[in-house]
Amino acid sequence: MAVKQQVVIIGGGILGLAIAHYLQSSEQAQVTLFERGELGAGTTSQAAALLTRARSSDSAALMVHETHSTLRMLEQRFNLPFAQRCGCLHIAVNDNERQQQQRYFQQAQQLDVGTQWLDSRDIQRLLPWLAITADSSALYYPDDGHADPYTLAQLYARSARAAGAQIISHCAVNRLELQGNKLTGVHIASGEFIRADTVVLAAGPWSAALACDYDIALAMAPVRSHYWITSNQPQVDAKQPMAIIPSAKAYFRSEQSALLFGVRDSQCCVADPRALPHDIHSFHFAEDANGWLALEEHWHSLLTLCPLLEQAQLAYYLSGVSSYTPDGKPLLGRLEQYSNAFVATGCSGAGIAFSAGIGRLLSEQILEQPTFVNAEEFSPSRFAAMQPKADPMSPEFRLHCARARSGKSTG
Ligand SMILES: Cc1cc2nc3c(=O)[nH]c(=O)nc-3n(C[C@H](O)[C@H](O)[C@H](O)COP(=O)(O)OP(=O)(O)OC[C@H]3O[C@@H](n4cnc5c(N)ncnc54)[C@H](O)[C@@H]3O)c2cc1C
């Protein structure tokens with residue numbers, strides 16, 4: 001029997017667990033994953049978890065496609081149907097947005113993903129609480145949806161464990177051990193040294209601070225992502241499709257009978273990665289802690305678009321942390337400084353949708369197999385020539401990353 005590669009994964013969020021699922025299932029690697037707290041309870045559990053297929057690049061679209069297939073497979077295997085396949089409307093109101101719709105349409109055709117063109121009356125029928133103009137059109141993805149990110153993370157973990165991976169929670173990795181340009185293993189909280197042929201850093205927004213101790217500057221910053229949920233509304237139900245509305249920089253989806261919505265505000269709320277506590281749910285950004293400024297900025301256009309917000313109570317507000325890179329694409333792959341070290345982070349608000357795609361890509365890279373997407377697009381060293389230098393410890397660079405979120409228009 002061939003000797004298996006010993007792979008240590010740092011971080012049991014959705015990405016670490018998805019990588020564990022793919023690698024261990026390959027039968028060519030023996031995975032040991034360390035999670036400092038509970039599995040899937042970091043930023044993964046904060047996500048709105050939209051799994052939208054329309055993406056800014058074909059590789060990104062392929063990644064989401066992989067997540068949808070794997071999600072279906074895991075639901076069947078563990079007899080736990082939990083994804084809400086309610087569909088998604090990408091709504092356009094001007095020529096630029098209609099051109100973007102055409103690009104999404106071609107992308108969907110290449111992947112054999114079903115879509116339909118809808119006019120304003122169709123949109124109104126599907127989403128009676130939305131007030132759109134008569135010249136609006138939508139590209140409708142009937143099979144899009146959202147899925148509880150915590151449950152998805154647990155299913156990746158169950159699958160990895162069933163294949164023989166060791167998934168260890170409540171055990172932090174405190175230190176990496178180096179020898180020349182290689183990592184030889186990790187030191188865990190108990191003081192034990194765990195030898196590794198390969199180390200994968202998938203520690204979410206904490207990755208940058210950890211890497212910094214080893215002179216690795218990960219080009220990303222912890223940026224605020226947030227959403228609101230209204231009280232239950234008679235016009236809203238769980239079967240209604242999600243809506244992405246670039247002209248309003250807003251998205252909506254139902255949360256049972258309540259409405260969940262988010263906006264891409266122009267406030268750049270960004271933190272020093274060293275300031276993040278272990279319990280991410282106790283963290284607040286220094287500026288606009290309650291999200292009022294962001295809501296105020298968009299309130300008028302939100303009310304025009306969705307008049308029910310005028311009476312609806314805002315029952316819940318979540319301000320969470322997403323790791324943004326300057327181009328809004330994740331950092332995935334081998335690190336330049338250490339030949340057996342890989343990173344999977346910087347998901348720029350799309351880590352749930354990309355999760356299986358990232359699991360597959362990292363597994364292929366670690367096992368030195370051909371990759372199913374263009375891996376260069378996500379290379380962690382793609383910002384090497386950037387000026388000023390891509391340095392997560394520099395406030396100027398972090399602001400640059402926060403602006404990538406403000407400009408984002410896809411899911
Ligand atoms: C408000 C909000 C809405 C979002 N909406 C969406 C959406 O609609 N669609 C979508 O696809 N994505 C969305 N996201 C983004 C998504 O949540 C992230 O991309 C994804 O969860 C990142 O997963 P992760 O595994 O990298 O990080 P995490 O889930 O944070 O996992 C990292 C783990 O590493 C552990 N760790 C850190 N340091 C160590 C150490 N030294 N030793 C051991 N363990 C360690 C942490 O405890 C943590 O559990 C949203 C995010 C937010 C905040």
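Two strands count as paired if DSSP finds at least two bridges between them, and strands themselves are DSSP runs of E with at least two residues, while helices are runs of H or I with at least four, all numbered from the N terminus. Residues are numbered from 1 along each chain as its sequence is written, and because this is a predicted model, local features need pLDDT of at least 70, side-chain atom pairs count only at pLDDT 80 or more, and totals for chains, interfaces and linings use all residues. Side-chain values use heavy atoms, with hydrogens and water left out.

Let's start with the hairpin. Strand β9 (residues 173–179) pairs with strand β10 (residues 182–188) in the antiparallel sense, over 6 bridges. Across this pair, Glu177 stands opposite Gly185 in β10. The hairpin leaves 2 residues between its strands, and Gly180 in the turn has a positive phi of about 60°.

Now to the ligand. Polar contacts here are pairs of N or O atoms within 3.5 Å:

| Protein atom | Ligand atom | Distance |
|---|---|---|
| Glu35, polar side-chain atom | oxygen | 2.7 Å |
| Thr43, polar side-chain atom | oxygen | 2.7 Å |
| Ala48, polar backbone atom | nitrogen | 3.1 Å |

The protein covers 95% of the 1,000 Å² of accessible area (Shrake-Rupley, 1.4 Å probe) that the ligand has on its own.

Methods:
Polar contact = N/O pair within 3.5 Å; in protein donor to acceptor, adjacent residues only side chain to side chain.
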